[in-house]
Amino acid sequence: MALVQSLAAQCMLALGLIAPPDAQQVTLDITQAKYVIDILLMLREKTKGNLSTEEARMLTDVVSDLQRAYVARAQQAQEAALKQSGIYPSNSSSPQL
């Protein structure tokens, strides 16, 4: 479970949910976050049937939480990129002409 917690921390760091020690700001690395989530999904698949009920539940919960955070951050990053290029998503207000 220490491995799962370590990978979850790496993913949260990549998603900007936590900051590195002594950092002034958080960073966002969507690609790294997806990679870590994929590793956790692979770990869940490869250990299926070999984990206790508590371990399996923890792994599933961690993956689910990280996937939700990933989707939210990816959407935020996409919206920010669109706004920066002058395109405003339909769910946000458009600039006045």
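Contact here means heavy atoms within 4.5 Å, and the structure to which this is applied below is a predicted model.

**Exercise 1.** Work out how helix 1 and helix 2 are oriented to each other, and which residues meet where they pack.

*Solution.* Begin with the geometry: helix 1 (residues 2-14) and helix 2 (residues 30-46) pack at an angle of about 160°, and their axes lie 8 Å apart. Angles over 145 degrees count as roughly antiparallel, and helix 1 and helix 2 are therefore roughly antiparallel to each other. The crossing of helix 1 past helix 2 is left-handed. Turning to the residues, helix 1 contributes Leu3, Val4, Leu7, Gln10, Cys11 and Ala14, which meet Gln32, Ala33, Val36, Ile37, Ile39, Leu40 and Leu43 of helix 2. Sorted by class, this contact has 11 nonpolar and two polar residues, and no charged ones.

**Exercise 2.** Compare the span of helix 3 with the expected one, and find what its buried residues pack against.

*Solution.* Helix 3 (residues 53-84) has 32 residues and reaches 46 Å from its first C-alpha to its last, which is close to the 46 Å expected at 1.5 Å a residue. Its buried residues are Leu59, Val62, Val63, Leu66, Ala69 and Tyr70, and these pack against helix 1 and helix 2. After helix 3 comes Gly86, with a positive phi near 90°.

**Exercise 3.** Locate Asp22, describe its phi, and decide whether Asp22 is buried or exposed.

*Solution.* Asp22 is found in the loop between helix 1 and helix 2. Most residues other than glycine have a negative phi, yet Asp22, which is not a glycine, has a positive phi of about 65°. Since exposed means over 50% relative accessible area, Asp22, at 79% relative accessibility, counts as exposed.

Notes:
Residues are numbered from 1 along each chain as its sequence is written. This is a predicted model: local features need pLDDT of at least 70, side-chain atom pairs count only at pLDDT 80 or more; totals for chains, interfaces and linings use all residues. Side-chain values use heavy atoms; hydrogens and water are left out. Axes are lines fitted to C-alpha atoms, for helices over the stretch in contact, and angles run from 0 to 180 degrees between N-to-C directions. Helices (H or I, at least four residues) and strands (E, at least two) are DSSP runs, numbered from the N terminus. Angles under 35 degrees count as roughly parallel, over 145 as roughly antiparallel, 65 to 115 as roughly perpendicular and the rest as oblique. A crossing is left-handed if the near helix is turned anticlockwise from the far one by less than a right angle, and right-handed if clockwise. Ala, Val, Leu, Ile, Met, Phe, Trp, Tyr, Cys and Pro count as nonpolar, Asp, Glu, Lys and Arg as charged, and the others, Gly among them, as polar. The expected span of a helix is 1.5 Å times one less than its number of residues. Buried means under 20% relative accessible area, exposed over 50%, partly exposed in between (1.4 Å probe, protein chains only).
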